[in-house]
Amino acid sequence: MRYISNTKAQQREMLGVIGAGSIEDLLVRIPPKARLGRPLDLPPAMAEMDLVRHLAGLARANASADDVACFAGAGSYDHAVPSPVNHLISRGEFFTAYTPYQPEASQGTLRSIFEYQTMIAELTGMDVANASLYDGGSALAEAALMAHAATGRETVVVSRGVHPLYRQVAETYGEGPGLRLRAAPLGEGVTDLGALRKAVSTATAAVVVQYPNFFGCLEDVAAAAEIAHGAGALLVVVVDPMSLGVLVPPGRLGADIVVGEGQGLGVPMSYGGPNLGVFAARQELVRRMPGRLVGETVDLEGRRGFVLTLQTREQHIRREKATSNICTNVALCALMATIAMALLGRQGLRRVGELCVAKAHYAAARLGAVPGVRLRFPAPFFKEFTLQLPRAPERVVKRLLRDRILAGVPLKGFDRAYRDCLLVAVTEKRTREEIDAFAAALGRAVA
Amino acid sequence: MPAARAPYERLIFELSAPGRLGHSLPACDVPDPDPAAHLPKELLRADPPGLPEVSEVDVVRHYSRLSQLNYGVDTNFYPLGSCTMKYNPKINEDMARLAGFARLHPLTPDDAAQGALRLMWELARDLAEISGMDHVSLQPAAGAQGELAGVLMIRAYHLARGERRKKVLIPDSAHGTNPASTAIAGYAVVQLRSDESGEVDLADLERNLDEDVAAFMITQPNTLGLFESRIHQITELCHAKGVQVYMDGANFNAILGLTRPGDLGFDVCHFNLHKTFTTPHGGGGPGAGPVGVKAHLYPFLPAPVVVERDGRYALDGKRPQSIGKLQAFWGNFGMLVRAYAYIRTMGPDGLRAVSENAVLNANYVLRRLEGDYERATQGPCMHECVVSARRQKRQGVSAMDIAKRLLDLGFYAPTTYFPLIVEEALMIEPTETESKETLDAFCDAMARIAEEARSSPAAVLEAPVTLPVRRLDQALAARRPRLTWTPTAPGAGP
């Protein structure tokens, strides 16, 4: 067994030192009736080459973005991952390190997280960012709980433009603390501000909008901020960090907490996980934030160094009074994002955003020109938009897979009101040729 | 003070030079590349975000050098108790990076994701067999989220029976996530005492068990490295009062193929795939925290559940009694691929050998240390052992000092000051992947430190001196939090 290092002779020698006759002698605390008296019923061990064959077979049974042109989004996107990302995160010193609780032997991890916090704060226009949460959904849930704790109020008003799966996660997390989520309706693809104003009261802990929203539309964040703040509530904005090279950051529009899914920043789609939960806030809220924070300090000799800080918020210190139960986060995904952001740099993130905008608008024009197909909402969009189709979108998606196109995400499973709609995402990776082929195939599928 | 190597001081922002590029993007192949042609001007950011301007070479060298400031399992022995820092097999990484897994969109129609769904279905089945539970959800992103899922299922179960129970019992030796997850699930936490042997105090348990208790949450083996030997009595006492019993599976590495939580009477247990099942810790995550349940809790599992019908696999989201979703998609799939590859590599005999060797290694370390350090428990331990530096403390050397000195001697530190019930605790988990030679080197270092504490404590108190930084001022960091880089920060770059 290649992952167990001791030889039989060493095992005997060690038992001798311990003064035990066998390993069984060491298991005496397990009552005999608790022992499993048979081998586990699992497939037999596989040699490495057999394992590779088996898993390669399973991998081939999936239509990945290597096999199809991926126009699916809804929170997971086929953005380009620069080559150095995988090489660097695969270094064992990063990859096989634990949470940096011993800072002197973890300065690499701590420094990269400090860089990550700085970059996320800069992108979102906020003062501080944490070291990561699991994903966009759990980040929204934590934001709702934090707003509840910060304001002492029981209700969070969530726009129906917020990702339906994120709203479901927030509901799960809100169950115990008794947090009520109230949906604010949409007008034409964006939050109905009149209805939002009516939904908000002095019982509202926070208003949540997504920017760009689930349907791809760009919300009026400043107006939502004015409504939230008018009632003494916080504004939570769910973002796609990939859009923030070109869009005005929510921090400048009145956001108090910014959360989002950071997967597009160098993290593979990997069938939906692990992802990267982004969480940033205004300075005044820092002591209520969930998750780990890295701070700068000095060592005994006055040299700059980094540590996990403000840990009295966290479960290993505060136990049931902690701001969150999170322990393990997604540090390695945050490292992927840090490296990707460093490579893209000041110019690159904007260039990626510009390509997304241009290609998405080209695609919307081409696809919207297919007879019977129309762009569902008039609102401005970034890289994702909603199409209304004359045929059932699930069938269209199935049909287009034969043309090696993953056409998008049918909305039936998310919101019955949009069961004839398809959500289409166009990243910088999609080519004009792929978009043209998509339009042609869509034309055939709905003809 | 001797420094082993010139420390690397920079942050990426301090390498920035205006106009330098680290990316390669294609020319725009569609009309109107300017976003102003498509979007209202007031939505557009006038100034690009203040990210660094660095070349690809800068980035590669910077992060390579940062990595060298870390200890990882690949470079150093990592005897961190309760964390199971075992070797992370390289082949698992290759498998998780296969395009068919890594580049698969989560909302791909089920028909076009059969390989991924089959892998998830088989992994859930295997974890059910390993744990003796009836069903497993792979959705929780980490152990703490598995705990939250488990406690919420228990809550939903009681509510479905018309019972509004208000308390959860947790031993004083528990991980901090147990009370934190329980509190988020809406319960009051009642802490139970451990008895003199380090196990659950049965009398204290009986005193606190009543119809208002929803669950008892324990770690098996517990955080002292002891198997709770009266576990059947515990689960029977709980069940007699309608109390559900939850097992924190953080220490599963001790019991693979030896005993199963389901057979011990547990109703729920979670797994840390990033501990027992070798997915890497990555400097703090991602992990994966699947949760297993007995049949009576099946209706409440997080949605969706992977189901199989006539050899076809599907995500079943129509689950009216489900506690809901914990993350947007189906789980940390990339971690699931690694754990699956590990279980297939090991097979049933290999997994049992894992736990046997983990127990052997921990007992060997305990035997070798017990002359210099006080044992926290009597008799054999399971996969980890806890010793106290109480004796060294009297000599002026704390558990923290010992940890720092170990860093100087080339070992990562054991977990310190946990479990909370042991004074000056050092919690050591060697894992099965380490050889006797490595354990001997570690035990020699521990003996050397005990000797230094007796004869020349300065060496211990000043440690570490060979790492990129010396001891860091935690109080300063908390008093005046500096959480982002600014060009004017004191001590910042040239």
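1. Secondary structure of chain A. Chain A carries 13 helices and 15 strands; helices (H or I, at least four residues) and strands (E, at least two) are DSSP runs, numbered from the N terminus. This is a predicted model, in which local features need pLDDT of at least 70 and side-chain atom pairs count only at pLDDT 80 or more, while totals for chains, interfaces and linings use all residues. Residues are numbered from 1 along each chain as its sequence is written, and chains are lettered from A and ligands numbered from 1 in the order in which they are written.

2. Overall dimensions and burial. Along the principal axes, the C-alpha atoms of chain A fill a box of roughly 80 × 55 × 50 Å. Of its 447 residues, 65% count as buried (20 or more other C-beta atoms within 10 Å of the residue's own, with C-beta atoms placed from the backbone; exposed means 12 or fewer, partly exposed in between). Among contacts in chain A with a separation of 6 or more, 73% come from residues 24 or more positions apart; a contact requires C-beta atoms, placed from the backbone, within 7 Å.

3. The open sheet of chain A. Seven strands form an open sheet of mixed pairing, in the order E2-E8-E7-E6-E5-E3-E4 (strands pair if DSSP finds at least two bridges between them). Strand E2 (128–129) and strand E4 (180–184) of chain A are the edges, each pairing on one side only. E2(A) is antiparallel to strand E8 (residues 277–281) of chain A, over two bridges, and A:Val128 has A:Ala281 in E8(A) as its bridge partner.

4. Strand E5 of chain A. All eight of the eight residues of strand E5 (residues 204–211) of chain A are buried, so the strand is largely enclosed by the rest of the structure. Strand E3 (residues 155–159) of chain A runs parallel to E5(A), joined by four bridges, with A:Val158 opposite A:Val208 in E5(A). Strand E6 (residues 234–239) of chain A is also parallel to E5(A), through six bridges; A:Val209 is partnered by A:Val237 in E6(A). Between E5(A) and E6(A) the chain passes through helix H9 (residues 221–230) of chain A in a right-handed β-α-β crossover (clockwise from the first strand over the helix to the second, with the strands pointing away from the viewer).

5. Helix H7 of chain A. Helix H7 (residues 164–174) of chain A lies across E3, E4 and E6 of chain A, at about 155° to E4(A). Axes here are lines fitted to C-alpha atoms, for helices over the stretch in contact, and angles run from 0 to 180 degrees between N-to-C directions.

6. Domains of chain A. The assignment, automatic or from a database, gives domain 1 (69–81 + 345–446) and domain 2 (84–338) of chain A. In contact are 26 residues of domain 1 of chain A and 24 residues of domain 2 of chain A. H11(A) supplies the largest share of the domain 1 side, seven residues.

7. Contact between chains A and B. Chain A places 171 residues in contact with 174 residues of chain B. Helix H11 (residues 331–368) of chain A gives the largest share of the chain A side, 24 residues.

8. Helix H12 of chain B. Nine of the ten residues of helix H12 (residues 399–408) of chain B are buried, including B:Ile402, B:Leu406 and B:Leu407. After H12(B) comes B:Gly410, with a positive phi near 95°.

Definitions and conventions
Two residues are in contact if their C-beta atoms, placed from the backbone, lie within 7 Å.
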